[in-house]
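Trainee: Could we take a close look at one part of this protein together? I would like to go through its charged pairs slowly.

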Amino acid sequence: MIVTVTLNAAVDKTYYVSGFAAGAVQRVRRQIAEPGGKGNNVAKIVRLLGGEAVATGFSAGGAGAFIEERLAARGIGTAFVRIAGESRTCLNIVDEASGASTELLEEGPTVGDAEIADIKEAVGRLGAQASVVVLSGSLPAGAPADLYAELVGIARSTGARVYLDASGEALALGVGARPDLIKPNEEELARLSGRRRLEASQVTETAAKLHGQGIGQVCATLGRQGAVACIDGKLYRVVAPGVAAVSAVGCGDAFVAGMAYAEEQGLPAEERLRVAAAAGAAAAMTDRAGELDPAAYERLVDRVEVLPL
């Protein structure tokens, strides 16, 4: 079982319009509403790949109930900590005429000491039943910056493998707790190294340095350029096949889901990377985060190149 932790869950709502203009009345031609937040996206992909997933995190109000109901409808177990307030809605307005996208992101509810104690208990309880615990996304208002670091320690103490996919200070502090995997993108990797940007050679150097600090799997995703990974002392370049991409949103979550699913299956490093890259590429072919066509994924797996460096 793979447990995903989403501390700032959201309803991801997308409006499709034609000729969007600020200050004008606009008719929505098509709309989508999905349970969102990075960890929930991971859980959805794990399920589509054929794995068992349980989603936890914070859930509040009617939006929180929607998130839980929609995840359950996908066959995903839910064990959220219910809190006061209302889970956030993230609105994406897509102008089909220009292709431009406008995002409006709510902040979400605030948590305090009682809620943090509850999520620590939930992670410890669920981690004891899991092969992998995935901690993903932003922290809610009121959460200390080192919360992920604490949750990494709690989950690791249960014997589960722990993946961390965060950014900013939460990621920097979480790295110090030595999760089993981190998945920074190029910008996040640069920040971890104290630089604004990285040259190609510095990507591999930084991944190897982080690996040397006790993180068993460092997977740096580089968009269309694939990924660089340092796993068990070996460096890899991952080249994903070209696809007719619709949206890059959620592709990183699909990569994490692929790594977790493949690790639970006991696959070696090269195969884990192949599964992860194929999941990310298949996810890019859809317009919804946390979605892929399993048939498309199956076609892509054998086309991924994993090259030793």
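Which residue forms a salt bridge with Arg-274, and how far apart are the closest N and O atoms?

Mentor: Happy to! Keep in mind that this is a predicted model. The partner of Arg-274 is Glu-271, and their closest N and O atoms are 2.5 Å apart. The two residues are 3 apart in helix α9, so about one helical turn separates them. Arg-274 counts as buried because its relative accessibility is 15%, under the 20% cut-off. Glu-271, in contrast, is partly exposed, with a relative accessible area of 31%.

Now for the surroundings of that helix. The largest nonpolar core has 51 residues, and Leu-273 is one of those that touch the most other members, as is Met-259. Helix α9, which spans residues 269–284, gives the most to this core, with 11 residues. Beyond its neighbours within four places in sequence, Met-259 is in contact with residues including Arg-272, Leu-273 and Ala-276.

Arg-191 and Glu-187 meet in a salt bridge of 2.8 Å, N to O. Both lie in helix α6 (residues 186–192), 4 residues apart, about one turn of the helix. Here Arg-191 is exposed, at 53%, while Glu-187 is partly exposed, at 47%.

A further pair joins separate elements: Glu-34 and Arg-74 form a salt bridge with N and O atoms 3.1 Å apart. Glu-34 sits in strand β3 and Arg-74 in the loop between α2 and β5, so the pair ties together parts 40 residues apart in sequence. Both also belong to a salt-bridge network with Lys-44, Arg-288 and Glu-291. The structure holds 18 salt bridges.

Definitions and conventions
Residues numbered from 1 in each chain as written. Predicted model: local features only at pLDDT ≥ 70, side-chain atom pairs only at ≥ 80, totals over all residues. Heavy atoms only, no water. Core = buried A, V, L, I, M, F, W, Y, C linked by side-chain atoms within 4.5 Å. Buried < 20%, exposed > 50% of the residue type's maximum accessible area, 1.4 Å probe, protein only. Contact = heavy atoms within 4.5 Å. Salt bridge = Lys/Arg side-chain N within 4 Å of Asp/Glu carboxyl O.
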